[in-house]
Amino acid sequence: MTRKAHGEVRQSQIITTFGPGALLDLPKYSVIVAGLDGIQADGLIQEPRLLEKVCRIPGLQHVSSLRNPPMQVETYGTDTSGMRAHRFPDWFITTQIQDTRDRFLVPKGLVDRQKFKDDEGNTYSVVPVRFLRACRRGHIDDIDWKGFIHHGQRECKVPIYRFTEVGNTGDASDIIVSCSCGASRHLEEAKEPAPDGLGFCQGKRPWLGFGAQEECSELSRLVIRNASNIYFPQVLSVISIPPKQNITLGDVVLKHLNMIGNLTDIVQLDAFRTIPMLKEDFKEYSNQEVWECILAIKKTGQNPQQVTLKDAEFETLFSSEDEVGQDWPAGNFYSKAIKRENWGSAPFMDRFSRLVLVHRLREVRSLVGFTRIDKLSLGIDGELEENESVHRASLSLGSVSWVPTVENRGEGIFIGFDKEKVKEWANRPKVVERSQQLIDGMRRLYLEKEQEFDLSKFPGIAYYMLHSFSHMLITAVSLECGYPASSIKERIYCSKHGYGVLLYTGSPDSEGTLGGLIESGRDIHKYIKIALEMGELCSNDPICSQHAPDHNLDDKYLLGAACHGCLLIAETSCEMSNNYLDRSLVVPTIEDLGCEFFGIVK
């Protein structure tokens, strides 16, 4: 029997907020969104570059397609046209009782149609309990209330549990849970992971249905049902670019591996290179280069010259011809470079080497997993970082054959920085000194998390500068472009290939957006000047400009001179969740550290 859908969410929310494993409050229930097993996806999305990266993620090797997720939410139904969900949690508290600070805590077996009847015949409405337990491997479960209240002892046969609030905050520190047998315990004792607290995780994965439990050795942690740390989606995104770009030697070797893969000597390569098709494809490479690439691929089975998601985009935006793609309604990409003589004569514009207006742009985003408690961030190259202490939870009980994907169409502005001037600035003594302070701040953060710090985790001083400049420009452009700052996104390019910033906006609508960013890009010098002038002074100065990233006063270890008064923007816009920011690297502040990339704006 097919059940009726109990709610709807936007497709983009399946990718960012309410994907498999996320908790969702529907009008009548609290549910956990089910995995991808048995769900009928809405439509196929073509983006080979993203699909290739998804298939390289452990556990997703069998993904064969990117598809739109359905929008309806179905609870316990057999209809596969919507996202399924299971009611969770399985424990409830009453909302009405004579003493409002003392309420019943009841399991789902005693609840009928959101009502609970006590032994005296009184009926109470119930709501899902706020407190759950979870672990860093993504597992989540109801608290073992009987075991917690009785310190692991189970001699109480007919327990009646109560929640008693002894304070006004609603926090665990103000709640006592008790049993009718007289046993009681302060919920604050569950805050720290310990065997005598919530105990060890049972490996429960309720979003994957019954029988999805797995072994786990983590200690359970107390979490709140609607807290932000209970679900961190992992999303990979790309900007669609013309497919002819970024063909590497590794790609060419893989293309012809069935012909040249069995060669045993470099001398044999000469004969094969006379074949017309191979002669054309390998004409730019020497025998030694081709042979070394063949050996590397035979050893690892992978292309040793993998191009990161961002590097491919940067190459298209920074180094391609002045006009790329086609300007037609169904086009995925169309960009046009602006000649230097049209940039404006402001002195600070000599810091840039390229300006591109992206008239048509398509962003494709895929959900590849999620974590709990700790976030597994994207690296500055746009790909997922790996962390031994943080584990990605699965989207499906079996092998995943597709991942939820959405596409947005819009427009953007790309600003390429002069590579040599960025390098020269990064080597200045004051900049090196500031870089060390930021590294010390990051090291202190890892120390507090009891994790090992590796210098390779530091994104680099150039990334800090580019990222801070991007936030300043987003704020300046949003004042006149017609889009709120929260709808403008950023993409920072910072690698050995060069440096650049892409500001873009998009909409799921096939028509894209309205052209406000393009018009702003024609006068970009005006907005850059506004951004730099605004960055010189913050409403929280001098406190903001004096902030030390390695000081534990406010735990802002990944920030230099940055706060909500100057650089922090909506997290929907920022690719790094408002981390790695310092305006003193962009413009001079009242602290006058001498490490700014731009001088005083004139």
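**Figure 1. Surroundings of F469 in the predicted model.** Leaving aside residues up to four places away in sequence, F469 touches F352, I415, F417, V501, I528, L532, V586 and F598; a contact means heavy atoms within 4.5 Å. The model is a predicted one, in which local features need pLDDT of at least 70 and side-chain atom pairs count only at pLDDT 80 or more, whereas totals for chains, interfaces and linings use all residues. Residues are numbered from 1 along each chain as its sequence is written, and side-chain values use heavy atoms, with hydrogens and water left out.

**Figure 2. The nonpolar cores.** A nonpolar core is a set of buried Ala, Val, Leu, Ile, Met, Phe, Trp, Tyr and Cys residues joined through side-chain atoms within 4.5 Å. Buried denotes under 20% relative accessible area, exposed over 50%, and partly exposed in between (1.4 Å probe, protein chains only). The largest nonpolar core has 69 residues, and I415, F417, F469, L473, I528 and L532 have the most contacts inside it. Helix α12 gives the most to this core, with twelve residues. Another core, of 50 residues, lies apart from it and includes I45, V54, F88 and L208.

**Figure 3. Helix α12.** Helices (H or I, at least four residues) and strands (E, at least two) are DSSP runs, numbered from the N terminus. Helix α12 covers residues 461-478, 18 residues in total, and reaches 26 Å from its first C-alpha to its last. That span is close to the 26 Å expected at 1.5 Å a residue, where the expected value is 1.5 Å times one less than the number of residues. Of the 18 residues of α12, 17 are buried, and the helix is thus mostly covered.

**Figure 4. E313 and its two arginine partners.** A salt bridge is a side-chain nitrogen of Lys or Arg within 4 Å of a carboxyl oxygen of Asp or Glu. E313 pairs with R49 in this way, their closest N and O atoms being 3.2 Å apart. Because E313 lies in helix α9 (residues 309-319) and R49 in helix α2 (residues 48-54), the pair ties together parts that are 264 residues apart in sequence. E313 also meets R491 in a salt bridge (2.7 Å, N to O). This second pair links helix α9 to strand β24 (residues 489-495), with E313 and R491 178 residues apart. E313 is buried at a relative accessible area of 1%, and R491 is buried at 5%. R49 is buried as well.

**Figure 5. Helix α9.** Eight of the eleven residues of α9 are buried, so the helix is largely enclosed by the rest of the structure. The buried residues are L309, K310, D311, A312, E313, F314, T316 and L317.

Figure 6. The side chains of E407 and R409 form a salt bridge with an N to O distance of 3.9 Å. E407 is partly exposed, with a relative accessible area of 25%, whereas R409 is buried, with 19%. Salt bridges that share partners join E47, R362, E407 and R409 into one network. The count of salt bridges comes to 27.

**Figure 7. The chain as context for the close-up views.** The chain contains 14 helices and 25 strands. Its C-alpha trace spans about 85 × 65 × 45 Å along the principal axes. Buried residues make up 51% of the 602 residues.
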